[in-house]
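Hi everyone, thanks for making time this morning. I'd like to walk you through one model, so please have the viewer open while I talk.

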Amino acid sequence: MNNSTCSRRSLVKGMAGAAAFAIVGGLGLTGCGDPAAKADGSAPSDAAFKIGVLQLTEHPALDAANKGFVAAVEEAGIGAKINQQNAQNDQSACQTIASTLVNEGCDLILAIATPAAQAVAGATSDIPIVCTAITDFAASGLVKDNDAPGGNVTGTSDMNPVVDQIDLLHQLAPEAKKVGLLYCTAESNSKIQIELAAAELKKLGIEGVEYTASSSNEVQQVVESMMGKVDAIYTPTDNTIASAMTVIASIANEHKVPTVCGEVAHVEAGGLASLSINYEELGRRAGEMAVRILTEGAEPAAMPIESMGAAECDLVYNGQTAEALGIDVTSLVEDGATDVSAAE
């Protein structure tokens, strides 16, 4: 099948038994194009679905979401050729890759993280788009309403249990009077989480102070400026902050400032604790949505955005960090929390 006939509608029939699963890797723009020929050079009897993937950048949470998506598609046995692309946190690259995937006629595109999703949504209103690792689809302008998307975009949200995370911070650092709220101004979804965190801190009688960076290059200086001014730090699920979390944790831990985080990768990098979304499961659910679109004709417009509740999240802590900070995590252990430093 060539690109001009790469239509989702024309491929729905007769695909349930296809098994031509492949992943196209690398940073070069390889196309959604023709399925591989048979060993004897003849055309394959069953065409594969062409799925394009645009991931904003490399870090554990987004990588895990990608892994879960691929696993769900593979396990469905529908036959899919997946073209993996990574924008390396470059917005112009997001635009270029999105346009290329659209022009090559993919049957469906997965977008991982908000800037990637916005780039793909801006490039096509026809090809189904499934997104994941996005906090609020509606607030990001991707859908009309999270319960009734109304267009060609749907997916799974990584909206954090922010209130529960702030309560966790208060549990581990009950004497904290001032909490630094650290995020990147370039990420709109981070601001949503910060507002929720600030509101919960206010309820607890704790002052929340925003500290922002516009890029990863600014993070170290910003964190150093926080020392001596805050008693604890909260980091949301922010791609820029995630990429600099090792530096953040190193500075904060040296100054005995506990950091409660938006997700597990931050804790693995040296943060203290989190009630974390399971990003692999989040990606898996996005993959299941994609399979329904490709094989059952499900319409993104009528598929509500899916999310994970606090009860489905993972309670994690870093035992080495807790020891360095002198913080008692017995209550977390009793609640079944996982020590992510033990796996290092």
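Let's begin with Thr114, which sits in helix 4 (residues 114-123); helices here are DSSP runs of H or I of at least four residues, strands are runs of E of at least two, and both are numbered from the N terminus. Before going further, a word on ground rules: this is a predicted model, where local features need pLDDT of at least 70 and side-chain atom pairs count only at pLDDT 80 or more, while totals for chains, interfaces and linings use all residues. Residues are numbered from 1 along each chain as its sequence is written, and side-chain values use heavy atoms, with hydrogens and water left out.

Back to Thr114. Is Thr114 buried or exposed? Its relative accessibility is 7%, so Thr114 counts as buried; the cut-offs are under 20% relative accessible area for buried, over 50% for exposed, and partly exposed in between, with a 1.4 Å probe and protein chains only. Setting aside neighbours within four places in sequence, Thr114 touches Ala133, Ile134, Ser140 and Asn189, where contact means heavy atoms within 4.5 Å. With Asn189 there is also a side-chain to side-chain polar contact at 2.2 Å. By polar contact I mean a pair of N or O atoms within 3.5 Å; within protein, one must be able to donate a hydrogen and the other to accept it, and residues adjacent in sequence count only if both atoms are side-chain atoms.

Next, helix 7, residues 216-226. Which of its residues are buried? They are Val219, Val222, Val223 and Met226. Those residues lie on the same side of helix 7 because they cover an arc of only 100° around the axis, taken from the directions from the helix axis to the C-beta atoms. Asn217 and Gln221, on the other side of helix 7, are exposed. The buried residues pack against strand 7 (178-184), strand 8, strand 9 (232-235), helix 8 (239-243) and helix 9 (245-254). After helix 7 comes Gly228, with a positive phi near 90°.

Now the charged pairs. A salt bridge here is a side-chain nitrogen of Lys or Arg within 4 Å of a carboxyl oxygen of Asp or Glu, and by this rule there are six. In one of them, Glu75 pairs with Arg284, with the closest N and O atoms 2.7 Å apart. That pair links distant parts of the chain, Glu75 being in helix 2 (residues 60-76) and Arg284 in helix 11 (residues 279-296), 209 residues apart. Glu75 is exposed, at 59% relative accessible area.

Helix 11 also holds both Glu281 and Arg285, four residues apart, about one turn of the helix. Their salt bridge has its closest N and O atoms at 3.0 Å. Glu281 is partly exposed at 26%, whereas Arg285 counts as buried at 18%. Salt bridges that share partners join Glu281, Arg285 and Glu312 into one network.

Finally, confidence. The chain averages a pLDDT of 88, and 86% of the residues score at least 70; pLDDT is the predictor's confidence in each residue, from 0 to 100. Residues 1-30 are below 50, and this stretch has 79 contacts in the model beyond near neighbours in sequence. Residues 33-45 also stay under 50, with 17 contacts beyond four places in sequence. Where pLDDT is low, the predicted coordinates should not be read in detail.
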